[in-house]
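Subject: Structure handover: pockets and helix packing

Hello,

Please load it first, then read the notes below.

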Amino acid sequence: PNLLVNGSSGMAVGMATSIPPHNMGEVIDALVYILDKWRWIDNINVTDLMQFIQGPDFPTGGLVFRSKKIKDKEIDAIGNAYATGRGRVTVRAKAHVEQMGRNKSRIVITELPYQVNKTNLLCRIADLHRDGKIEGLTDLRDESDRNGMRIILETTRNVQPEEVLSELFRLTPMQSTFSISLLALVNGEPKILTLKQALRVYLDHRLEVVRRRSEYDLTQARSRAHILEGLLIALDHLDEVIDLIRRSRTVETARANLVKRFKLTEVQAQAILDMQLRRLAGLERRKIQDEYKEKQKLIKFLDRLLSRPELMRKMVKEELLE
């Protein structure tokens, strides 16, 4: 389900989409849960799915506030967004205070909210300090390396680093709001999807893919098995077939004679005429017989698969887990 896993954002006339990225393992666990409970799919709710998908999985880390207050009432911001397809969540940078000695301390930022640019954030903090809106900073540097992010803000002795941190959350993008709008094109029409609907639409798509792929494979297997049947008939009456072809003046005559004598189709007769001499060897004959058995087995499997929806769901599940 690329749309949920990778996330997406875009704007059109009168509508916008903003889908946060999610953890692939969690999303697939939720899909498997739906497939396992397919008979009771109408009873599955957001709470059931949030056992697996607990929230967005932002690649830059940070903390997501699950609850928020609206008119002195606590609501589940993430659950509400998943249930309705729209919502807003607060994302905050991950930071902690370290003591340095001589009664000095420093603030260390290790993760940033999604889509917050580190360079722009550093410039914003420097500007606020220069303008006197944030006081008590003595040094600002970026110590990020291949092991991860590490932004250092050293503070003076006469300020509480927790208070400085609180001001940084208030005045900089270290705390920001991410709008969730699960708007997607479903059968060519823009539609706001709940989390359950987004997963269901994807599963319907996968089932359609499996059905169409299996139908195509079945057609190909039957076509090949039909040709192999003709080749096996020719190998069973090899001397007669060779004699009949040698006595025929043209390819068309030979084909017509084969069709008439052995009750073959035009396709089978043409396959016999196209057969290479090496196919007459015993080992090659065995290969044809083995391939024919394999095709018959595949046809039986695909016929059974297409006639039983539960087997198609099982295949979708196996492919997702793989």
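Are H2 and H12 roughly parallel or roughly antiparallel to each other? They are roughly antiparallel (over 145 degrees; under 35 would be roughly parallel, 65 to 115 roughly perpendicular, and the rest oblique).

Ground rules. This is a predicted model, where local features need pLDDT of at least 70, side-chain atom pairs count only at pLDDT 80 or more, and totals for chains, interfaces and linings use all residues. Residues are numbered from 1 along each chain as its sequence is written, and side-chain values use heavy atoms, with hydrogens and water left out.

Helix packing

Helix H2 spans residues 24-36 and helix H12 spans 309-321 (DSSP runs numbered from the N terminus: H or I of at least four residues for helices, E of at least two for strands). They pack at about 165°, with axes 10 Å apart (lines fitted to C-alpha atoms over the stretch in contact; angles run from 0 to 180 degrees between N-to-C directions). On the H2 side, the contact has Ile 28, Leu 31, Val 32, Leu 35 and Asp 36. They meet Arg 313, Val 316, Lys 317, Leu 320 and Leu 321 in H12 (contact: heavy atoms within 4.5 Å). By class, that contact of H2 with H12 has seven nonpolar, no polar and three charged residues (nonpolar: Ala, Val, Leu, Ile, Met, Phe, Trp, Tyr, Cys, Pro; charged: Asp, Glu, Lys, Arg; polar: the others, Gly among them).

H7 also packs on H12: the axes come within 10 Å and cross at roughly 105°. That makes H7 roughly perpendicular to H12. The contact of H7 with H12 divides into eight nonpolar, no polar and five charged residues. Arg 206 and Arg 213 are among those from H7, and Glu 319 is one of those from H12.

Pockets

The largest pocket holds about 410 Å³ (an open set of points on a 1 Å grid where a 1.4 Å probe fits, with protein on both sides within 12 Å along at least five of seven lines; lining residues have an atom within 4 Å of a point). The lining has 16 residues; Leu 3, Leu 185, Ala 198, Val 201 and Tyr 202 lie nearest the centre. H7 gives the largest share, five residues. By class, this lining has 12 nonpolar, three polar and one charged residues.

The second largest pocket has about 190 Å³. H8 gives the most to its lining, with five residues. That lining has nine nonpolar, one polar and one charged residues. Arg 246 and Gln 276 are among them.

Best wishes

Methods:
Grid points are joined across faces, edges and corners, and a volume is the space filled by probe spheres set on the points.
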